[in-house]
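Hi there,

Here is the structure I promised to pass on.

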Amino acid sequence: MLQNDRIDIASLDVIFNRMLETITNSKDDIFIISEKSRRSFEEMQQELEIVRQEIKITIDETDNLEKLLQLSKHRLVIVSKNFNEHSEEQIRLAYENSNKLQLEATLSKEKEKQLRDKRDDLERRLRALYDTIERADHIVNQVNVVISFLTTDLKDVGAALEQAKIKQDFGVRIIKAQEEERKRLSREIHDGPAQMMANVLMRSNLIDRIFREQGADKALQEIQDLKVNVRNALSEVRRIIYDLRPMALDDLGITPTLKKYLSTVMEYNPGVDIQFISYNNERRISSDYEVAIFRLVQECVNNAIKHGKSLLIYVKIEWLRDEINVVVKDNGRGFDMENVREGSFGIIGMKERVDLLKGHMNINSAVGKGTTVLIKIPLPLEEEETI
């Protein structure tokens, strides 16, 4: 594939597409297994409920037979002590009735034991099936993360393209392909919560059994845990949606979209204050450039909060005739510029986007003194003509 330090892009594309197709198919297979397991789980639950009802009926029958047997034995004792006062037929019937009740009581106890064993076996199988479903859902979620990583960031491919000095137009096409994938994922994300909620539904079905077998306090504790899981799932879904391409970017442009995004970041990060300012005459520019600017600001803000632990962040966009300047400054803990980790994916991804747009990025940081990122992006020719 490599000849004279040049990369066969077509071969890379084929390999990547096959890999992505294989992963996606595997995810679909796991999801099918999960769905079949859920159906089996529901059928087994119904069977378990029937067995429990049969156990209850059998217990009542056994108790009734035990009472009749005690009366029969008492009758037999009376007949035996006063055999002169009873005929042989009466004595014989007393013995036969006692033996018959003894046999029926024994058979009823044996039936109860078999039903209890069947119930215990079904409960064990249900727990095992529940664990299988949970593992399948966990694997599907992990595969979704891998697919999202492969289809959105492509950092390793970006590094290879940078080494091969691919032209700008090819790089822009990569970004465009990434954003098309983000659009697709943004539409499909609304189906994602159904998978998460399926897990919640299964747990909720178990609460009734826990209430009957372990009491109200244990069931209430399970409900509280369930509420925490629902809250976490909802928070994760919202975070994923905002990590994907915002729909407002196409309709409203970069400035309104950034305002909404930064406001949402503050909502999900209590205590964080983000000040946003846009200078001069803001205007619509090429979609590729708007996406690139949004991603750059998004990465800077995420780094400031996650790594810098910043509580105050300034975001400024300056619109000039032939370029756009973006400044992101925070009051976080900063880092040592001389000891930046080699291969830091966040910084590499930002540099890739800026280089592909023929821009320039400067990072200034020191331990305990926050971080400032300055990005200069020249406007494309078509924008110069409209100014």
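Let me start with the aromatic rings: this predicted model holds 2 aromatic pairs. One of them is formed by Phe41 and Tyr130, a tilted pair with 6.2 Å from centre to centre and 45 degrees between the planes. It links distant parts of the chain, with Phe41 in helix 1 (residues 9-81) and Tyr130 in helix 2 (residues 88-152), 89 residues apart. Phe41 is buried, and Tyr130 is buried as well.

Tyr261 and Phe294 also pair up. Their ring centres are 5.2 Å apart and their planes stand at 65 degrees, so this pair counts as edge-to-face; the cut-off for that label is over 60 degrees. Here too the pair links distant parts of the chain: Tyr261 belongs to helix 8 (residues 254-268) and Phe294 to helix 9 (residues 287-306), 33 residues apart. Are these two residues, Tyr261 and Phe294, buried or exposed? Both are buried.

Since Phe294 brings us to helix 9, a few words on that element. Helix 9 has 20 residues and spans 28 Å from its first C-alpha to its last, close to the 28 Å expected at 1.5 Å a residue. It is also mostly covered, with 15 of the 20 residues buried.

Next, Met350, which you will find in helix 10 (residues 345-356). Its relative accessibility is 4%, so Met350 counts as buried; the limit for that is under 20%. Which residues does Met350 touch, leaving aside those up to four places away in sequence? They are Leu296, Glu299, Cys300, Asn303, Met361 and Val373. For Met361, the C-alpha atoms of Met350 and Met361 lie 8.4 Å apart in space, while the two residues are 11 residues apart in sequence.

With a relative accessible area of 6%, Asn325 is buried. Its side chain is joined to the side chain of Lys376 by a polar contact of 3.5 Å. Not counting residues up to four places away in sequence, Asn325 touches Lys316, Ile317, Glu318, Leu320, Ile375 and Lys376.

How values were computed: Residues numbered from 1 in each chain as written. Predicted model: local features only at pLDDT ≥ 70, side-chain atom pairs only at ≥ 80, totals over all residues. Heavy atoms only, no water. Phe/Tyr/Trp six-rings, centres within 6.5 Å; stacked < 30°, edge-to-face > 60°. Helix = DSSP H or I, 4+ residues; strand = E, 2+ residues; numbered from the N terminus. Buried < 20%, exposed > 50% of the residue type's maximum accessible area, 1.4 Å probe, protein only. Expected span 1.5 Å × (residues − 1). Contact = heavy atoms within 4.5 Å. Polar contact = N/O pair within 3.5 Å; in protein donor to acceptor, adjacent residues only side chain to side chain.
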